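Subject: Structure for your review

Dear colleague,

Please find below the structure that I am handing over to you.

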Protein chains: 2
Amino acid sequence: MKRLSCNLMVSVLVVCTPVHAVDSERLLARAERYFDPLPEIMQGAENDSAERIELGKQLFFDKRLSINDSQACVTCHRLEQGYAGVDNLAVSPGAKGKAGSRNSPTVLNAGLQASLFWDGRADNLVEQAKGPILNDIEMAMPDEKSVENKLRDIKEYRDKFAQIYPAEAQPITFQNVVEMIAAFERTLLTKSRFDDFLQGDLSALSEIEKRGLETFIKIDCVYCHDGVLLGGQALEQLGAENAYDNQADQGVYELTKDEADKMVFKVSPLRNVSLTSPYFHDGKIEKLDQAVKLMGKLQLDEDLTEQQVVEITAFLNSLTDKTRE
Amino acid sequence: MKRLSCNLMVSVLVVCTPVHAVDSERLLARAERYFDPLPEIMQGAENDSAERIELGKQLFFDKRLSINDSQACVTCHRLEQGYAGVDNLAVSPGAKGKAGSRNSPTVLNAGLQASLFWDGRADNLVEQAKGPILNDIEMAMPDEKSVENKLRDIKEYRDKFAQIYPAEAQPITFQNVVEMIAAFERTLLTKSRFDDFLQGDLSALSEIEKRGLETFIKIDCVYCHDGVLLGGQALEQLGAENAYDNQADQGVYELTKDEADKMVFKVSPLRNVSLTSPYFHDGKIEKLDQAVKLMGKLQLDEDLTEQQVVEITAFLNSLTDKTRE
């Protein structure tokens, strides 16, 4: 796939590279071809009442959803000041102390993705929420029934579910529990300065961020990282151009055993990526600039210059929730 | 708008630039964001009967539409073997021997544009067709009435117009004449290999053409040259970054006398551009590669390498009508 064209240059060079100011209008026109601003409301949230969202939030924070009352959803998907829907660990310890094998992705804006989990095996937030509760190395509840029984013993939940599902004789079902959690998660939309830019505020990005955006488009990071989340819509092979060092987890292949699925993972959405270190499915890449440089090489066979890495990393910083910047 | 970053490099360098094969699928995905393949039928052509088209063609080729029976539409917009809807002259002599001041644009695919003429002053083919017939330095008919009277004296036209407009007592009107010409022009759609590429045939472009397309997108020629015609949709300032040498014709400004319209011209559509030399509104640029190099500098402040110019020029060649390649 490669050929080398070599020139021997013996010379004394004064290299003066003209550095043009970015033409912001042109850049915006270009960006609009690839990206969409955050919607005002997440699809599916139209019928989420305040009661449902509140109950979902309570469940999201409730450690009793784990086998030994040690872990809630929020344990790994942290939302307190300073966190962006992740725990910033490479992999997260579960209720029984054993660590998972994949990095916890952020819950922020998660419902805007086409699929969830690193291998895209859940179609939506509701299906996703079922996973960790029942996963033996996460919250480790043995089965749906156990979850239902445990919550049915709690008067507060009996009252709240009854209020939301007045027509149902037994409203505390596993399905209804995850429906509430999903309703809460649908509120987790985070507007960024990049949205302001996409909506016409040319001053919302700094010059270096604009340069980064320009390069991000030019070198075709946007082939995968496009749309409203700059990712999250497709499954792609990690190491399409150059193989990734860690081949222990083969991604979608682990599910399908189809050769074509080897090292195929969901394209990570990039909103709030500055706050969600470490990176990659295995959490082995600590710094964002490392991740940028590596992705350039693995996916595009581009040897990004230090300057390009700095600029792209700056651009990615503009995707951060304005309330968390 | 520029700053210089200078580094003194004293060294012996062996520069080995890896030249990657173009990833055709990625390139197609990217191209699809900017371009559309040629439609099967031109908008407005749905009701063009064979009779209308045939009559329009006859009128398009009829020199009696000029004051001294010396010029037809086709005189400047040549369609015979070896021509692509232009006469390949810098500017065209009119019926009275005087030359116009702007280069004749091609009629091929012309109706797909948002507007016509170099200053975009006609909204559609019908309005455009009225112009040259009555323009004193083109076909130079004195007024609409003269055109009507001249054609009404010709039995063949009386019969044909009567057949197409049976309900009209006097079907030979100036409006009906240009309606017929437009009907003929709506048939002038030219499919190219680039359309095959856009429709998924990755082998339709050669490697060098693909490189040219890649660069054409990367350096943002597509800011103006996009859509189905790679242009023809907007008015833009010629010399947005660096002024064009010839400032005699100020484009839209000549009509509006608005400062903001100085040097604003319609963005040229690029289909068949390999066959429509010379270039620019004044026809002063003889070769396509010169035009490419110059546009890079004038519009984008890019100093294209010879290699880039060759590749982009090769790509533009893929926009040529397959029957004319």
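The notes that follow concern cysteines, a lysine in chain B and a helix in chain A. Please bear in mind that this is a predicted model.

Cysteines. Across all chains, the structure contains zero disulfides. A disulfide would require two cysteine sulfur atoms within 2.5 Å. For A:Cys73, the closest cysteine sulfur belongs to A:Cys76 and lies 9.1 Å away, which is too far for a bond. A:Cys221 is likewise in no disulfide, its nearest cysteine sulfur being that of A:Cys224, at 9.2 Å. Both residues are shielded from solvent: A:Cys73 counts as buried because its relative accessibility is 13%, and A:Cys221 counts as buried at 15%.

Lysine in chain B. B:Lys130 belongs to helix α4 of chain B, which spans residues 125–134. This lysine is buried, with a relative accessible area of 18%. Leaving aside residues up to four places away in sequence, B:Lys130 touches B:Phe174, B:Gln175 and B:Val178.

Helix α6 of chain A. Within this helix (residues 155–164), A:Tyr157, A:Phe161 and A:Ile164 are buried. Viewed down the axis of α6(A), the buried residues fall within an arc of 60°, and they therefore line one face of the helix. A:Lys155 and A:Gln163, on the other side of α6(A), are exposed.

Yours sincerely

Note on methods:
Residues are numbered from 1 along each chain as its sequence is written. Chains are lettered from A and ligands numbered from 1 in the order in which they are written. This is a predicted model: local features need pLDDT of at least 70, side-chain atom pairs count only at pLDDT 80 or more; totals for chains, interfaces and linings use all residues. Side-chain values use heavy atoms; hydrogens and water are left out. Buried means under 20% relative accessible area, exposed over 50%, partly exposed in between (1.4 Å probe, protein chains only). Helices (H or I, at least four residues) and strands (E, at least two) are DSSP runs, numbered from the N terminus. Contact means heavy atoms within 4.5 Å. The arc is that of the directions from the helix axis to the C-beta atoms.
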